[in-house]
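Subject: Structure handover

Hello,

Here is the structure you asked about. Please open it alongside this note; my findings follow below.

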Amino acid sequence: MSGHSKWATIKHAKGLADAKRGQMFTKLIKEISIAARMGGGLPDSNPRLRTAILKARAANMPKDNIDRAIKKGTGELEGVNYEELVYEAYAPGGVALLIEVLTDNKNRAAADVRNILTRAGGQLATAGSVSRLFKRLGVITLDGEKYTEDQVMEAAIEGGAEDVFNSGGIIEVTSSPDDFETVVNALNAKEFQTMSAEISMVPEADITLDNDGTGKAVRLIEKLEENDDVQNVYSNISIPDGFEAE
């Protein structure tokens, strides 16, 4: 889950639990492969591939995995052709959802997404009605117990970051998509270790629900994230203080 609520930020940045690590790597491999297929296997001339590799490195993906994913995308190794889809939807309580899909079976993915939404009381939205509620930003997270906000801010702002703030022990750095790579490189040059680094869809404004409504929306988002075809789920929900997911 991506977003600027404290719980969502922590969950996203620390979502590298061993149980989900394999699934996360699978999604990163798909992202790298499609970037290589569309723009070639040379990161220097393929911005999308560079960004995908930065995200994989931030998640500590081994270099061999990255190299194999690139070769599958360029056809040097046998791979799968993926299609990109974006679904706009609403969770219970009017929470806006952007669901990014990378799939080798468009019909299966569409049926799965609709089924997950329907079972949880969500629904698909009219094209454009949800996407206008989000803006694309570079989002980089670091461990707030390891670094201070001031330490990170000096390097990040120097690299072109727009904002740096501490949310629940996670330092989050945001930038324009154009400056994202420069900011990541500036942090790496100062030997900061990032927890995650990606181009993300960030809500222009958040929506807050009561605990029951929040629980329903969070469970739906987690069901979507568990689907192998779903690459990313972005929402505008703000998690209230004291809320704990079941």
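In which helix is the place of E31? E31 sits in helix α2, which spans residues 18-39. Keep in mind that this is a predicted model.

Is E31 buried or exposed? E31 counts as buried, because its relative accessibility is 17% and the cut-off for buried is under 20%. Which residues does E31 touch, leaving aside neighbours within four places in sequence? The contacts are A52, K55, L102, Q231 and N232.

**The sheet**

There is an open sheet of 4 strands. The order is β3-β1-β2-β9, and the pairing is antiparallel. Strands β3 (123-124) and β9 (230-235) are the edges, each pairing on one side only. In general, strands of a sheet pair through backbone hydrogen bonds, either parallel or antiparallel. Strand β2 covers residues 95-103 and is joined to β9 by 5 bridges. In that pairing, L98 stands opposite Y234 of β9.

**Helix α6**

Helix α6 runs over residues 149-159. Its buried residues are V152, A155, A156 and G159. Seen down the axis of α6, they fall within an arc of 100°, so they line one face of the helix.

**The chain overall**

The protein chain has 8 helices and 10 strands. Of its 246 residues, 49% are buried. Take the contacts with a separation of 6 or more: 71% of them are between residues 24 or more positions apart. The accessible surface comes to about 12,100 Å². Carbon and sulfur atoms account for 45% of that surface.

**Confidence**

Mean pLDDT for the protein chain is 87. A value of 70 or more is reached by 89% of the residues. Among the elements, helix α5 (residues 106-119) has the highest mean pLDDT, 97. Helix α1 (residues 6-13) has the lowest, 45. Over residues 1-19, pLDDT stays under 50. The model has 57 contacts beyond four places in sequence for residues 1-19.

Best wishes

Key. Residues are numbered from 1 along each chain as its sequence is written. This is a predicted model: local features need pLDDT of at least 70, side-chain atom pairs count only at pLDDT 80 or more; totals for chains, interfaces and linings use all residues. Side-chain values use heavy atoms; hydrogens and water are left out. pLDDT is the predictor's confidence in each residue, from 0 to 100. Helices (H or I, at least four residues) and strands (E, at least two) are DSSP runs, numbered from the N terminus. Contact means heavy atoms within 4.5 Å. Two strands pair if DSSP finds at least two bridges between them. Buried means under 20% relative accessible area, exposed over 50%, partly exposed in between (1.4 Å probe, protein chains only). The arc is that of the directions from the helix axis to the C-beta atoms. Accessible areas come from the Shrake-Rupley method with a 1.4 Å probe; for residues, only the protein chains shown count as cover.
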